[in-house]
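I am opening a notebook on this structure and will write down what I look up, entry by entry.

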Amino acid sequence: MGYEELFPGMDAKWHANATKRFASPFVDVPTDRIDVDPIILSHAAVACGFTIRDFYEKPELGIHCVGYISHLYDLLAVTHWFYSLPWCRELGLTLQYKDTLPPISTGPIISEPGQVDNIHVPDVDELMKGHTLPEFIRMYEYVAKNLPMTLVPISYGFDIVGAAAELCGVENFIMWTFTEPDAAKKLVKKYTDTSINGADGLARKFGMAMLIVGSVLANNDIFSDETTKEYSADMMRYYVDQSFRRGAGPQIFYHLCGNHETDYKVFKDTLIWSPFTVFHVGYKGKEVFPSSLLKQEFGNMATIMGSVDTKIMINPNPKVVYEQSKMQLLGGRDSPKGYILGNSCECPPYTIPGNLLAMVKAARDFGTFGTW
Amino acid sequence: MDIKIPDNVKEVIGKRGIKEADIEAVVKEAESSNKKLVKNGRNLAKKKIGDVLVYVDYDIDKGVLSKHAKVNSAYTHRIVLQHIVNADGPSGWTCAHCNEAAAFGHVQMEYMTVKRNGPAVVCAKCGDSWAEEYLATKTLAAVEGLFEKKRA
Ligand SMILES: [Zn+2]
């Protein structure tokens, strides 16, 4: 039995409207309301009775859960599935699946800066024989067959600095940024070059590949603005530029999770902006990044995505979620190149459905075009 | 000036729906106005012909009695490049008209009445902008396709 037999089919009428809503911020065509993208990952599996481990271990099941539950929650018309360590297996790490977590690295890590030179960047052909690319291709082929109207092939550069840091251990990496910056930078570049080859491979297979790349480990909790620029923003630019040259894009999702108190300023004149770019920031200090500030700083560059704090998604208090959603919607809904309401990061696996639906209710109440 | 188009380039431009007369028009205008990008002897010129912007990438061979243009490639896009949004990195190109380094940056782009930003090579002095071949034939071609689909 295939996973597709576990789910009722998608309602074509719902999907047609959700597709228009999804296109709306990019093409200036107002639809019923602002879109909500809570960045659902393993919550989709949990909501359908599966486990977090099932979500990551069985990508076809995981992405079908995302498509199914997005429909029921009235969210995006497109599907996605990912984890934070793509391309790491090809660079020497072993990943272990966990019952309650996304896959984690069990090493082996490199411990000497000199070992960075020995890391081989796999080319597209080598990636085709690796783990990450065949897994994504298999999954998108499943979507093309079973949920074709939701298909967007996405290549993940993901958290370039965070994933590169896993190759030597995060503590070592942070230390190297002070003591061995050349080795630390070279490591990030090797991870990025591998991700670019991955985007190339996916674009060759599907004729396109949306790019998702972020700055998660590189944030103001550990880095200065200058360090975030050097290690993260500059390499995000390099990733997108090189991926475009290889035929990936033009859609980009920039995901800045974590505390970007002041370093958000380094991204505007560093990143590459395409007509189909979404820019998202999680936190400013300990608070959610205000959508009003996001609009002011980035609203003229791209479509922006505001944040509802993931921490409140697991508290039994839908009113708090509703009020924060309202505040963010009022701050960002008239952004000149469109607004999407999101969570500050992945919505937690055990997100309370009443909270998630509070975001959707707020979007209906305060995100209806023509009422502001 | 004579314009030479090698057979392999003829094949490419044929597939892209570009006429040899278009190429001649682009090169002639660029050579008389000096409005073009240059890099190590390479030239990149553009001209609006009908609904599309036609670009020609060419070298100039100077003989004893005359010079001729050898075409390396030609391509088009329909999206309209408007004002410069920012200029944030080196492009390697020089704006021949201004004799100034052109930057890698962003311009406002308009297609089907929608205005969004996109990358381009820009000259901050004269305000002109250009899309390199990879950008026009891959990224902007996909952008045009998405706009057509999403506006439908
Ligand atoms: Zn100029």
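In which loop of chain A is Pro108(A) found? I find Pro108(A) in the loop between β3 (104–105) and α5 (124–128) of chain A, where helices are DSSP runs of H or I with at least four residues, strands are DSSP runs of E with at least two, and both are numbered from the N terminus. A cis peptide bond joins Gly107(A) to Pro108(A), with omega at about 0 degrees.

Before going on, I note that this is a predicted model, in which local features need pLDDT of at least 70 and side-chain atom pairs count only at pLDDT 80 or more, while totals for chains, interfaces and linings use all residues. Residues are numbered from 1 along each chain as its sequence is written, chains are lettered from A and ligands numbered from 1 in the order in which they are written, and side-chain values use heavy atoms, with hydrogens and water left out.

**Chain A, continued**

I looked up a further cis peptide bond, which joins Gly249(A) and Pro250(A) with omega at about 5 degrees; Pro250(A) has its place in the loop between α10 (225–245) and β6 (252–259) of chain A. As background, most peptide bonds are trans, and most residues other than glycine have a negative phi.

I then turned to Ser291(A), which lies in helix α11 (residues 291–298) of chain A. Is Ser291(A) buried or exposed? Its relative accessible area is 0%, so Ser291(A) is buried, given that buried means under 20% relative accessible area, exposed over 50% and partly exposed in between, with a 1.4 Å probe and protein chains only. Leaving out residues up to four places away in sequence, I list among the residues that Ser291(A) touches Ile304(A), Gln328(A) and Tyr339(A), a contact being heavy atoms within 4.5 Å.

**Chain B as a whole**

I count three helices and nine strands in chain B, and from the N terminus on they run β-α-α-β-β-β-β-β-β-β-β-α. The radius of gyration is 16 Å, close to the 15 Å that the globule rule gives for 152 residues, so chain B is as compact as a globular protein of that length; the radius is taken over C-alpha atoms, and the rule is 2.2 Å times the number of residues to the power 0.38. The C-alpha trace of chain B spans about 55 × 35 × 20 Å along its principal axes, and buried residues make up 44% of the 152.

For confidence, I record a mean pLDDT of 96 for chain B, with 100% of its residues at 70 or more, pLDDT being the predictor's confidence in each residue from 0 to 100. For the complex, the predictor gives an ipTM of 0.97 and a pTM of 0.98.

Asn99(B) is not a glycine, yet its phi is positive at about 55 degrees; I find Asn99(B) in the loop between β6 (80–95) and β7 (100–111), and at 64% relative accessibility it counts as exposed. Met112(B), also not a glycine, has a positive phi of about 50 degrees, lies in the loop between β7 and β8 (114–122), and is partly exposed at 36%.

My last entry is Val52(B), which lies in strand β4 (residues 52–62) and is partly exposed, with a relative accessible area of 22%. Which residues does Val52(B) touch, not counting residues up to four places away in sequence? They are Lys47(B), Thr76(B), His77(B) and Arg78(B).
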